[in-house]
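Subject: Structure for you to look at

Hello,

Here is the structure I promised to pass on. My notes follow below it.

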Amino acid sequence: MIDLYAAGTSNGMRARIALEECGLPYTLHPVDIAKGEQKTPQFLALNPNGQIPVIVDHEGPGGKPVTLSQSTAILLYCAEKAGKFLPKDPSARPAMLQALMSASTDITPLFGALFTVLRAREPHAPTAQLFKDRLRGFFKVWDDTLAKQKCCAGEEVTIADLSLYAGYARVKGSAPELVEGLPNLARWGDEISVRPAVQRALKF
Ligand SMILES: N[C@@H](CCC(=O)N[C@@H](CS)C(=O)NCC(=O)O)C(=O)O
């Protein structure tokens with residue numbers, strides 16, 4: 001059994017999508033980050049950065065417990081544990097890793113930075129616009145990619161799709177103008193959104 005400590009942010013969703021899609025049994029422990037529950041001594045013992053998501057796998061490799069933070073590390077861990085969503089063909093792996101890292105490190109941190117600026121007491125409009133333009137630019141490239149292939153890293157759903165969907169869903173919900181008018185991205189988003197595991201994962 002795995003314990004998941006998370007909230008309904010894109011990083012939290014990424015971890016929960018990983019567990020649901022990989023079919024790994026888990027217990028969700030919601031963390032109210034607005035109340036600062038991620039900064040309690042108990043939580044800091046799990047992740048000294050005081051951030052969600054965290055998993056504790058009581059039966060990790062060799063039967064030993066594993067405590068893991070970083071949503072993309074959790075995604076990879078779950079995929080490896082379940083033997084799912086990783087290309088079997090080694091020649092397909094570089095494209096998958098590139099897609100995974102773009103999804104995890106281009107989209108989500110930029111979105112987090114944008115919302116930090118927008119929620120500031122005195123939001124700095126040019127900085128917000130800069131972040132919006134960059135996000136839109138990344139999504140435009142994803143749209144072009146998804147015009148040529150069904151999924152983020154080829155024709156099969158991989159962890160790159162699961163990672164991108166977490167960021168895409170959050171942006172679509174909070175700043176839909178950043179993903180509007182991108183038909184291939186929308187087609188892909190619709191296909192991922194109807195997956196039962198993804199639907200379960202998004203209900204925080
Ligand atoms: N790189 C980390 C980022 C984790 C992160 O930024 N978590 C946010 C929520 S999405 C958080 O816990 N924020 C509360 C805080 O920093 O106090 C990951 O991918 O998991």
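Which residues surround the ligand? They are Thr9, Asn11, Gln38, Lys39, Gly50, Gln51, Ile52, Pro53, Gln70 and Ser71.

First, the ground rules. This is a predicted model: local features need pLDDT of at least 70, side-chain atom pairs count only at pLDDT 80 or more, and totals for chains, interfaces and linings use all residues. Residues are numbered from 1 along each chain as its sequence is written, and side-chain values use heavy atoms, with hydrogens and water left out.

Ligand site

The shell divides into 2 nonpolar, 7 polar and 1 charged residues. Here Ala, Val, Leu, Ile, Met, Phe, Trp, Tyr, Cys and Pro count as nonpolar, Asp, Glu, Lys and Arg as charged, and the others, Gly among them, as polar.

The ligand takes up the space of the largest pocket. A pocket is an open set of points on a 1 Å grid over the protein atoms alone, where a 1.4 Å probe fits, with protein on both sides within 12 Å along at least five of seven lines. A molecule sits in one if more than half of its atoms lie within 2 Å of its grid points.

Backbone

Two shell residues deserve a look. Pro53 is joined to Ile52 by a cis peptide bond, with omega about 0°. Pro53 lies in the loop between helix 2 (41–46) and strand 3 (54–57). Gln70 is not a glycine, yet its phi is positive, about 75°. Gln70 is in the loop between strand 4 (66–69) and helix 3 (71–82).

Fold

The protein has 8 helices and 4 strands. These are DSSP runs: H or I of at least four residues for helices, E of at least two for strands. From the N terminus the order is β-α-β-α-β-β-α-α-α-α-α-α. The radius of gyration is 17 Å, close to the 17 Å that the globule rule gives for 204 residues, so the protein is as compact as a globular protein of that length. The radius is taken over C-alpha atoms, and the rule is 2.2 Å times the number of residues to the power 0.38.

Best wishes

Terms used:
Near = heavy atom within 4 Å. 1 Å grid on protein atoms, 1.4 Å probe; cavity = no way out; pocket = protein on both sides within 12 Å on 5 of 7 lines; lining within 4 Å.
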